[in-house]
Amino acid sequence: MTKMQQVKVNPNRVWDRIMQLGKIGATREGGVNRFAFTSEDKEAKKLIIRWMEDAGLTTWVDNAGNVFGRIEGNTKNPAILIGSHMDSVPNGGRFDGVVGVIAALEVLETINENNIKAKLPIEMVIFQNEEGSRFPGGLMGSLALIGKLKQEHIYNTKDNHGVLLRDAMIDFGIDADKVTEAKRSPSEFHTYFEIHIEQAKVLEDENIPVGIVSDIAGICQMKLIIYGGKSCHAGAVPMGNRRDPIFAAGLIIQEVERLTMESGSQTRGTIGYIKAFPGAHNIIPNKVELSIDFREIIPEVKDKILIQLNNYISKICRERELTSELIVTQDERPVIIEDKIIELFKKTARELKIPALVMPSFAAHDAMVVANLCPIGMIFIRSKNGLSHCAEEFSSKEDLEKGTQLLFNSILKVEGL
């Protein structure tokens, strides 16, 4: 290991910054509410931009709300891109997304502090609206980066309070009518690396601090609306005379579970919510809305499940004299990470004597979108009890240090890929 590769990141600085950001949007339960294009989002971004500028980075915000910081290398392009997101789910944790942002800043700050001149420029990015908690869709910032965020989405998407995404973006201080200008060219990027907490307990069960991601499962998120029910009195109408969409929804929910359990793979299927209309305890519903979420690594398995589900929905609705609409809100193909990047992380982890496990990711990340621009790599940090998207989310300072050091040392070698 060279003298340059023996440079250490600052774990106390990483920890302290994560804790400071956790105070912005803090909930009484100990979690965080920090949704895209809110005052909390703006406050957190303002703080981290100050840290970035103090560290000597050139900073800017694009027209999708993504925040960038850059240090120059000996050549202009392509750049190494590192980062993650800072928006949260409702009452989410302090580590999800934030770890990747602060680790990226730590890498760049450590490079500058030690007067290391990288061969390639290095950019860090804070992707906007990864979670989709306020404005549905998710992965918004990375989709804008690759040119797949449509202007129509900005004009037509509202939050639960009826606020239009375009208006929220303008209030945030960016030009929503020029969101397509956030698109970047593949020629601008060499690789993209992202650190993220695992959000499961595979690493904890194996007593290993760090994971090296081999694949990212494809994700298909949908909204199913079942129409044609007949609202009547819950007591007066005999069961045989009803046209009830919620019982049809129940059968479809069971089918989602069956398809995932019998897929022959590691498929995940989730029903995140279900709403009945008009939604009173003594009225038979006339409409039902629910979400369906599938995650799968093997593309053929994912495609087969979606075909089977569509056929089943049509069958059930036809039999019960109902109609349905299945709206796909997100559909990303699985991503297989290149062997040379996995080997880079493995070799660097061995040199640093950091135990690491090669493993798939079943959670979606901005990295799977950025894979459309350049090769990607992901590092996982162990999650206590496997908990995430909740106030109890926790990763230790020691594990954060190991993951950040692995990222730093890997980037020092990445020009040779």
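Start with Q128 and D41: their side chains are joined by a polar contact of 3.0 Å. A polar contact is a pair of N or O atoms within 3.5 Å; within protein, one must be able to donate a hydrogen and the other to accept it, and residues adjacent in sequence count only if both atoms are side-chain atoms.

A word on the source: this is a predicted model, where local features need pLDDT of at least 70, side-chain atom pairs count only at pLDDT 80 or more, and totals for chains, interfaces and linings use all residues. Residues are numbered from 1 along each chain as its sequence is written, and side-chain values use heavy atoms, with hydrogens and water left out.

Back to Q128. It sits in the loop between β4 (122-127) and α4 (140-145). Helices (H or I, at least four residues) and strands (E, at least two) are DSSP runs, numbered from the N terminus. Q128 has 1% relative accessibility, so it counts as buried. Buried means under 20% relative accessible area, exposed over 50%, partly exposed in between (1.4 Å probe, protein chains only).

Next, α3. Of its 16 residues, 14 are buried, so the rest of the structure largely encloses this helix. Just after α3, N115 takes a positive phi of about 55°.

Now α8. At its start, a side-chain oxygen of D244 comes within 3.0 Å of the backbone nitrogen of I246. Which residues of α8 are buried? They are P245, A248, A249, I252, E255, V256, L259 and T260. They cover an arc of only 125° around the axis, which puts them on the same side of α8. That arc is taken from the directions from the helix axis to the C-beta atoms. On the other side of α8, Q254, E257 and M261 are exposed.
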